[in-house]
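Good morning, and thank you for coming. I shall present one protein chain and ask you to follow along on the screen.

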Amino acid sequence: MDDVVRALAAVHAPLTSPAERLAATRLLEVFKLGAAEQLGAVLALAGPERPAHERHFALHALVALVRARWPALDAARREEVKSLALQLVAAVGERAEASFVVGAAVTFVCELAKREWPQRWPPLADELLALGRRSPRHAALALECLASLSDEARVFALDELPESRRTELRKGLEAICQDVAAFAHGAAADALTHLRGCARADAPG
């Protein structure tokens, strides 16, 4: 993992020479290709104590894994990756994060859901909503994941999903829409209560 950290630092450093930047980029691409075989290292890079650019890279390595190699992974590895996705979303919601880290986490969940939900990942929506009850940040993340999946189910989405798969996603979303609406209403009410409390605390005595 140290080589990957050094390569990321080289890519982001403004004074890195073109040759060094190219070598670092190649090393990072090789790491992405082997992400399935080194999930522990990817998870370590995505840890909350790591810098934002390292976390962002780790999440995009997982996105690349899903997009390029998902059909080739065995069932046990697929389940491991799906469990990892929810762990990472939970971690991202624990504190204020850079928008690009949040976006990468949402993309990771969405890419998995496009391939697995609801048939091969039926608990996903319930797990996202349960996660969303932890805090306002978690609620926003859960809703963003579901909104991103909803976008994928629409005809105008850039990623060309087969129409049969879009139909499956739309039916799954229709089945949970009342639960999601109730969750969103409750999250908005909680946020409003919190804002009012902050306003009263800041008001001059």
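Predicted model: local features only at pLDDT ≥ 70, side-chain atom pairs only at ≥ 80, totals over all residues.

In what order do the elements of the protein chain run from the N terminus on? They run α-α-α-α-α-α-α-α-α.

Let us turn to the overall dimensions. The C-alpha trace spans about 55 × 55 × 30 Å along its principal axes. The chain has 205 residues, of which 40% count as buried.

How do parts of the chain meet that lie apart in sequence? Among contacts with a separation of 6 or more, 66% are made by residues 24 or more positions apart.

Now to the interior. In soluble globular proteins, nonpolar side chains tend to be buried together. The largest nonpolar core of this model holds 60 residues. Those that touch the most other members are Leu62, Leu65, Val81, Phe108, Leu112 and Trp117. Helix H6, covering residues 99-116, gives the most to this core, with nine residues.

Which residues is Val81 in contact with, leaving aside its neighbours within four places in sequence? They are Leu39, Leu65, Val66, Trp70, Phe108 and Leu112.

Finally, the charges. The chain carries 25 positive and 27 negative side chains. The centres of these two sets lie 1 Å apart.

Thank you for your attention.

Notes:
Residues numbered from 1 in each chain as written. Heavy atoms only, no water. Helix = DSSP H or I, 4+ residues; strand = E, 2+ residues; numbered from the N terminus. Buried < 20%, exposed > 50% of the residue type's maximum accessible area, 1.4 Å probe, protein only. Contact = heavy atoms within 4.5 Å. Lys, Arg positive; Asp, Glu negative; His and termini not counted. Charge placed at Lys NZ, Arg CZ, Asp CG, Glu CD. Core = buried A, V, L, I, M, F, W, Y, C linked by side-chain atoms within 4.5 Å.
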